Amino acid sequence: MSSHAIFLPALAMVALTFIVLAVMFSRRVAQMKRDRIHPQKVATSQQAAALYTDVAPADNFRNLFEMPVLFYLALVVAALTAQVSSLVLGLAWTYVAARVLHSAIHCTYNKVMHRFRAYALSVFVLLILWCVLGYGLIAG
């Protein structure tokens, strides 16, 4: 199995991050035009929090730089230690699917328990991925 295959889930996560960025940008620009918000009035995060009404995409965008950092590192570890297997790839793609679901919920109807379940699934899958990689590092 090609070690390059492990970077396709990373590419998918990068694409998701840019999609959420585009959603956030378009909604913020639309609100700024609609509510006639001068750009200087949202120069700081505190000012922005006081004026923006739709912050879910921004919250989701920030979230894509938290746990996914451990995901990206896991993919690099898998590639560098020759641990790219069907199991590792399956876990990586499952993580991506859970994060796509989480972002879709967060950026649309934003029901907290639905979003939490998708997030919890992604964290569980990431934990299993690291357990598999950790075992491979210790045993190998």
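Is Val 76 buried, partly exposed or exposed? Val 76 is partly exposed, because its relative accessible area is 35% (buried means under 20%, exposed over 50%, partly exposed in between, with a 1.4 Å probe and protein chains only). Before going on, note that this is a predicted model, where local features need pLDDT of at least 70, side-chain atom pairs count only at pLDDT 80 or more, and totals for chains, interfaces and linings use all residues. Residues are numbered from 1 along each chain as its sequence is written, and side-chain values use heavy atoms, leaving out hydrogens and water.

Turn next to the charged pairs, where the structure holds three salt bridges (a side-chain nitrogen of Lys or Arg within 4 Å of a carboxyl oxygen of Asp or Glu). In one of them, Asp 54 meets Arg 27 at 3.1 Å, N to O. Asp 54 sits in the loop between helix H2 (45-51) and H3, and Arg 27 in helix H1 (residues 7-34), so this pair ties together parts that are 27 residues apart in sequence. Helices here are DSSP runs (H or I, at least four residues), numbered from the N terminus. Asp 54 is partly exposed at 30% relative accessibility, and Arg 27 is partly exposed at 31%.

Another salt bridge joins Arg 62 and Asp 59, with their closest N and O atoms 2.4 Å apart. Both residues lie in helix H3, three residues apart, about one turn of the helix. The remaining pair is Arg 34 with Asp 35, at 3.6 Å, N to O. Here Arg 34 is exposed at 56% relative accessible area, while Asp 35 is partly exposed at 40%.

Methods: Helix = DSSP H or I, 4+ residues; strand = E, 2+ residues; numbered from the N terminus.
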